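Visitor: Could you take me on a close look at a single part of this protein? I'd enjoy one connected walk through it.

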Amino acid sequence: MAPDSAPQAASALRADAKPLIIKRVDAIPIAIPLKKPVIMAGVRLEVSYNLLVRAEAADGLVGWGEASVAPTMTGDVLPGMVAAVNEHLAPLVTGKDALKRAELAHICAHALHHNGGPKCAVDAAIADLAGRHLNVSLSDMYGGALRDSITAMYLLGNPKIEDDIAETHKKIKEGYTFFKLKVGIKPARDEAAAAVQIRKAVGPDVVLCADANMGMDFRSARIFVEDSRDADLLFLEQPLRDDDFDGMAELARISPIPLNGDESLGNVATIIQMARAGSIKGANLKTIKLGGVSATVHAMSVCAALGLNINLACKVAETSVGAATIIHLGCVAPNVNWGVSITNHYLVDDIVSNPVRIDNGSMARPAGAGNGVQVDEAQVARYRVHAA
Ligand SMILES: [Mg+2]
């Protein structure tokens, strides 16, 4: 472990810490264009709409959290997210001690049904604030880092297979070793053939997996898993609708590829239910689905106990605030062997002065206290939008 990553981790979570009173919590909706459109099943994204939460303590210290809109995943849309924070969650935590973050997360979790994104952004902002106050990194606050860097997963989603292959070769040269194909868009036979073609083009040493974002019915999912055998996919993620639990269980029984859950997994109870049914061998955990940083850490432990692999991911696309949080969690997770994807590099710009980077296919644990990135409030103002 790098000794400078969290210099006071051993002593800073201290019993004599003074209360850190939260003076105000603000919901800030932003919109940042993507470098190029991202296409996944049923969705074409050109601009990323995100909610930032700015939590300021009485002493002027500020913490930040982020959540992306996710209409087809959490149901969260920007005006609702702003209202959830300003009208429901902010009043519950304002005037309270940020160091009691577990209690505050518990209160928020039960004050509002669903709204995972807004809860996540508030929880992350309070955790960042507390970490900066205590001079402890997020990863040290949540159990300590098992590693100081993690392999980055790269998402492939070009309309043409030739472009996917060319992009894969380019990214392999940059150091990437882990790729996720976006499927569930074209006919299953074509997508399976494309996966096999990419495997042949890149050789056996890189990791390939596929994510259908609920874009398949049972028949097409069956065709895909059978026809893509030679692609040696690590897993197929969420082929069927989020509520098709019987379909996922049936598909898992016949599929030569292990299945990963994503849109179906909005809470720990569902993770347990699907694991017990034999439907999934892995879980894609997102802080916006689970409703916070601490809730995601809890889910990681449950997955470890169930023997599930973990994929940690930002929604397309979050800034370095969300990315830094995910990297800290990836460094804490015991079983994060189905990939970690951050998404700030899809955006034309960022809102921090020290953006999270992927170097040689790897992401370093951000140094410093809290999430480790320094938000530039002028950049926040530049991308702020009205969400009504
Ligand atoms: Mg997914």
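Visitor: How many residues line the largest pocket, and which of them lie nearest its centre?

Guide: Happy to! Keep in mind that this is a predicted model. The lining of the largest pocket is made up of 26 residues, and those nearest the centre are Lys119, Gly266, Asn267, Lys289 and Leu290. The volume of this pocket comes to about 660 Å³.

Domain 1 (9-136) and domain 2 (141-371) each give at least three residues to the lining. Going by helices, at least two lining residues come from each of α3 (101-111), α4 (116-134), α10 (268-276), α11 (287-290) and α12 (293-306). Of the contributions, that of α3 is the largest share, with four residues.

In α9, which spans residues 245-254, the buried residues are Gly247, Met248, Ala249 and Leu251.

A magnesium ion has Asp211 (OD), Glu237 (OE) and Asp262 (OD) as its protein donors, at 2.0 to 2.3 Å. Of these, aspartate 262 sits in that loop and glutamate 237 in strand β8 (residues 236-237), a pair 25 residues apart that links distant parts of the chain. Glutamate 237 and aspartate 262 are both buried. Along the sequence, the donor spacing reads D-x25-E-x24-D.

How values were computed
Residues are numbered from 1 along each chain as its sequence is written. This is a predicted model: local features need pLDDT of at least 70, side-chain atom pairs count only at pLDDT 80 or more; totals for chains, interfaces and linings use all residues. Side-chain values use heavy atoms; hydrogens and water are left out. On a 1 Å grid over the protein atoms alone, a cavity is a set of points where a 1.4 Å probe fits but cannot get out, and a pocket is an open set with protein on both sides within 12 Å along at least five of seven lines; lining residues have an atom within 4 Å of a point. Grid points are joined across faces, edges and corners, and a volume is the space filled by probe spheres set on the points. Domain bounds come from an automatic or database domain assignment. Buried means under 20% relative accessible area, exposed over 50%, partly exposed in between (1.4 Å probe, protein chains only). Donors are N, O and S atoms within 2.8 Å of the metal (3.2 Å for Na, K and Ca); water is not among the atoms, so sites may look incomplete.
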